[in-house]
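Hello,

Here is the structure I promised to pass on. Please open it before reading my notes below.

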Amino acid sequence: MDRQTQLAREHRERQQQRDKNTGRGGTSKRNTIIGAGVGVVVVVGGIVAATTLMGGKDDAKTGAAATSTPSASVSASGGASAPAALPSTTADPAAGTCSYRKDDTGAPAKKVGMPPSKPDLKAKTMTIVTNQGTIVIQLATAQAPCTVNSFEFLAKKNFFDNTRCHRLATPETTGLGMLQCGDPLAKGDGKTKDDGSGGPGYLFDDENLGGIGLGRGTVAMSQASEDANSNGSQFWISFSDENTQLAASGAAFTPFGVVVKGMDVIDKIAKGGIIPFNGDPMADVRGEGSNAPKLPVIIKDMKISR
């Protein structure tokens, strides 16, 4: 059995076991939370102790290796100091290729095909135009080439256009501060149970684990904490240094960039507050649904620039 098939099978078996344990079917959400004051990672389907999840990729496959682990710093103007946040690499990304596999977990999907196996190593920035303002992200292309390659592919397919950022996690309710986006089917209304379970119909492995701190200004992939190497299209933007707890827990969340413009937009959304899931903000912590941003966040366009 090849590694891709084995990973897909193990992911499916974990999902089936979670459904059995919780007594409910359906697909898992990619919400990840550390409960304030209790030191656990909360995922849909249950509360589990934070454990180390390794990415399982070697340098030859990812074509990248971080040599330092600085955190994203944020200037007074609201942007992240990207040059200081992105680690250097001694690997040759041009020698690597990317592997994407079919998502056979039954998760709802907007399928637009598979990204090319050869990553574009010249991608520099990702610009997200939303109804609340524009956010510009400096990409860690050398450290997370396959992640950036996936976003470039999806952006060219207009995958993210008119999608809603469905979840706002705040330190007061979840112990973390992040805006989560990228579910192409999400309603973002604080009522829809399936928000956070959608993707592009394919999965890919983790990259750059530990390569960039997960504090304020960091942009990282979303996946359930126990499901390493199951990245899709969902991502989160950090607006709080509380998120450094995730790195300390050893959970696998691929950081692939830092915000260089638009942190004021994220702060505005965060200050706008949440729509508690079905009126109960702790439902998010219990894994029953997603607290949505009270200020609706609609991605109008996403572009990758070289």
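How many bridges join E8 to E9, and do these strands run parallel or antiparallel? There are 3 bridges, and E8 and E9 run antiparallel. Within this pair, Ala 169 stands opposite Met 178 in E9. Bear in mind throughout that this is a predicted model.

**Overall**

The protein has 7 helices and 16 strands. Of its 306 residues, 56% are buried. Take the contacts with a separation of 6 or more: 74% of them come from residues 24 or more positions apart.

E8 and E9 belong to an open sheet of 9 strands. The order is E7-E16-E5-E6-E13-E11-E12-E9-E8, and the pairing is antiparallel. Strand E7 (163-164) and E8 are the edges. Each has a single partner strand, so one side of each lacks a neighbour in the sheet.

**Helices on the sheet**

Helix H4 (residues 145-156) packs on the sheet. H4 touches strand E5 (125-130), E6, E11, E12, E13 and strand E16 (298-305). The direction of H4 makes about 120° with that of E16.

H6 packs on the sheet as well, touching E6, E8, E9, E12 and E13. Its direction makes about 125° with that of E6.

**Strand E12**

E12 covers residues 235-238. Strand E9 (residues 178-181) joins E12 through 4 bridges, and the two run antiparallel. Here Cys 181 has Phe 235 as its bridge partner in E12. Strand E11 (residues 218-221) joins E12 through 3 bridges, again antiparallel. Val 219 has Ile 237 as its bridge partner in E12.

Which way do the E12 residues point? Phe 235 and Ile 237 point one way, Trp 236 and Ser 238 the other. All four are buried. In a regular strand, side chains alternate between the two faces of the sheet.

**Helix H6**

H6 spans residues 263-271. Its buried residues are Met 263, Val 265, Ile 266, Ile 269 and Ala 270. Gly 273 follows H6, with a positive phi near 85°.

Best wishes

Terms used:
Residues are numbered from 1 along each chain as its sequence is written. This is a predicted model: local features need pLDDT of at least 70, side-chain atom pairs count only at pLDDT 80 or more; totals for chains, interfaces and linings use all residues. Side-chain values use heavy atoms; hydrogens and water are left out. Buried means under 20% relative accessible area, exposed over 50%, partly exposed in between (1.4 Å probe, protein chains only). Two strands pair if DSSP finds at least two bridges between them. Contact means heavy atoms within 4.5 Å. Axes are lines fitted to C-alpha atoms, for helices over the stretch in contact, and angles run from 0 to 180 degrees between N-to-C directions.
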